[in-house]
Each structure stands twice: as structure tokens, then as C-alpha cells.
Amino acid sequence: LLNDADLPLILSALQKELYYPYTLSPDLELEPFGLLKALNQSMLAIIITDSNECIQYASKQAEILTGYSQQDLIGKKPNIFQSGQTAQTTYTDLFETLNAGKSWAGEFFNRRKNGSFYWEWCMISPVFNSSHQLVHYVAIKQDITQRKLIESELKYQSTLLESMIDPILSTDLDLMVLSWSLSAETFYGW
């Protein structure tokens with residue numbers, strides 16, 4: 001189990017691992033340093049900032065998600081990902097929640113380094129020391145671009161089907177009704 005005092009040591013070791021990955025001694029396999037390897041192996045992007053929101057650690061998946069190298073991200077603020085397309089109310093809710101000392105979860109429509117856009121689900125948690133002073137934020141992120149594209153396509157298809165004048169329904173192989181258009185409701189009275 002890690003305590004608050006371990007975090008500066010962990011962040012220092014993380015920076016060494018990021019910049020000098022082949023010079024780490026084998027004894028870094030021991031706790032708390034086994035966590036360092038786990039963070040870099042995670043399928044989720046992980047970003048740790050200080051209390052001023054300057055990035056101190058970015059996992060390999062964060063690099064893949066954002067298109068920024070780890071060296072590009074260290075010392076920057078996460079607002080470099082902003083596309084200008086996420087609703088301001090999202091950021092207002094985010095900061096109100098974090099300022100209340102609680103974790104926040106939501107979605108952002110962000111921009112990669114190369115200018116391409118992506119959707120991400122993100123959970124951000126404040127980290128407090130033993131004196132209950134804010135020392136860091138930890139963000140866990142996942143690319144949900146494909147899911148959002150599928151949702152958009154399904155919504156489009158649903159709207160298209162609902163605009164049809166003819167009744168439309170779908171069934172499974174046992175002829176159990178799976179879907180029923182508004183036109184089908186009007187036509188059949190059900």
C-alpha cells in the first residue's frame with residue numbers, strides 16, 4: 001500500500017523511467033516501483049499533474065491517445081488537448097467537482113498534436129497529502145472515438161427509419177419483434 005509520502009519518490013522514478021528506461025536497476029521491481037511498470041503497461045492513458053495542473057507523468061497510452069510524446073507533455077497543462085468543441089459547462093462541472101475534493105468523470109472532444117480530433121472518457125481525482133493538502137491530480141483516460149461514431153451512425157439510422165412513411169419492423173429468427181417504427185404504430189394501431 002502506498003502512502004502520500006511515496007508519491008514524490010514515485011514521480012521522480014517515473015521521470016527516470018521515461019527519460020532513461022534502460023538505466024533502471026532491477027530492484028525497482030519492488031514496491032512501490034512495481035507500480036511504475038504497471039502504469040506504463042496499462043491499456044488506459046494515465047496523466048498525473050501537480051496541484052498547479054502541470055503534467056508530471058504521462059503513460060505510454062497517453063502518448064498514443066494524444067499524439068504528444070511524453071517529453072512534449074511533461075511540464076505542460078492538459079488544456080493543450082482542448083479542441084474548443086467541448087461544452088463550457090463540462091469544464092465548469094469538472095472544476096467545481098475537483099475544488100470540492102471529489103473525483104469527476106465525463107467526456108471530452110479533444111485534439112491531438114497532429115490536429116485530428118478524438119473523443120475521450122476521463123476520470124480525474126484529486127490527490128491529497130496526509131495534511132489534506134492538494135498535491136496532485138490523477139487522470140485516467142480512454143479513447144471512445146469509435147463508440148461515439150457508432151452511436152452517431154445508429155442515431156442517424158434511427159432518425160432515417162422514423163422518417164419513413166411505410167411501417168418498418170424487425171424480427172429475430174423466431175419472428176419475435178425487435179423494433180417497431182412510428183409508422184408501424186400508426187398503421188397497425190399498436
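**Notes on strand pairing, rings and salt bridges**

1. Tyr68 counts as buried, at 15% relative accessibility (buried is under 20% relative accessible area, exposed over 50%, partly exposed in between, with a 1.4 Å probe and protein chains only). Phe81 is buried too, at 1%. The Tyr68 and Phe81 rings pair edge-to-face, because their centres are 5.9 Å apart and their planes at 65° (rings of Phe, Tyr and Trp, the last by its six-membered ring, pair with centres within 6.5 Å; planes under 30 degrees apart are stacked, over 60 edge-to-face, the rest tilted).

2. Before going on: this is a predicted model, where local features need pLDDT of at least 70 and side-chain atom pairs count only at pLDDT 80 or more, while totals for chains, interfaces and linings use all residues. Residues are numbered from 1 along each chain as its sequence is written, and side-chain values use heavy atoms, with hydrogens and water left out.

3. Now the strands. E4 (residues 117-128) and E5 run antiparallel, joined by nine bridges, with Ile124 partnering Ala139 in E5. Strand E1 (residues 45-50) is antiparallel to E5 (residues 134-143) through six bridges, and Asp50 has His136 as its bridge partner in E5. Strands pair if DSSP finds at least two bridges between them; helices (H or I, at least four residues) and strands (E, at least two) are DSSP runs, numbered from the N terminus. Have a look at His132 as well: in the E4 and E5 hairpin, with five residues between the strands, His132 takes a positive phi near 60°.

4. Trp119 is worth a look. This residue is partly exposed, with a relative accessible area of 27%. The charged end of Lys148 sits over the Trp119 ring, 4.4 Å from its centre (the rule: NZ of Lys or CZ of Arg within 6 Å of the ring centre and within 35 degrees of the ring normal).

5. The count of salt bridges comes to six (a side-chain nitrogen of Lys or Arg within 4 Å of a carboxyl oxygen of Asp or Glu). Asp72 and Lys113 form one of them, with the closest N and O atoms 2.7 Å apart. Asp72 lies in helix H4 and Lys113 in the loop between E3 and E4, so this pair ties together parts 41 residues apart in sequence.

6. Glu120 and Lys141 also meet in a salt bridge, at 2.7 Å from N to O. Glu120 is buried at 0%, and Lys141 is buried at 6%.

7. In helix H6 (residues 145-162), Glu151 and Arg147 are four residues apart, about one helical turn. Salt bridges with shared partners join Glu107, Arg147, Lys148 and Glu151 into one network.
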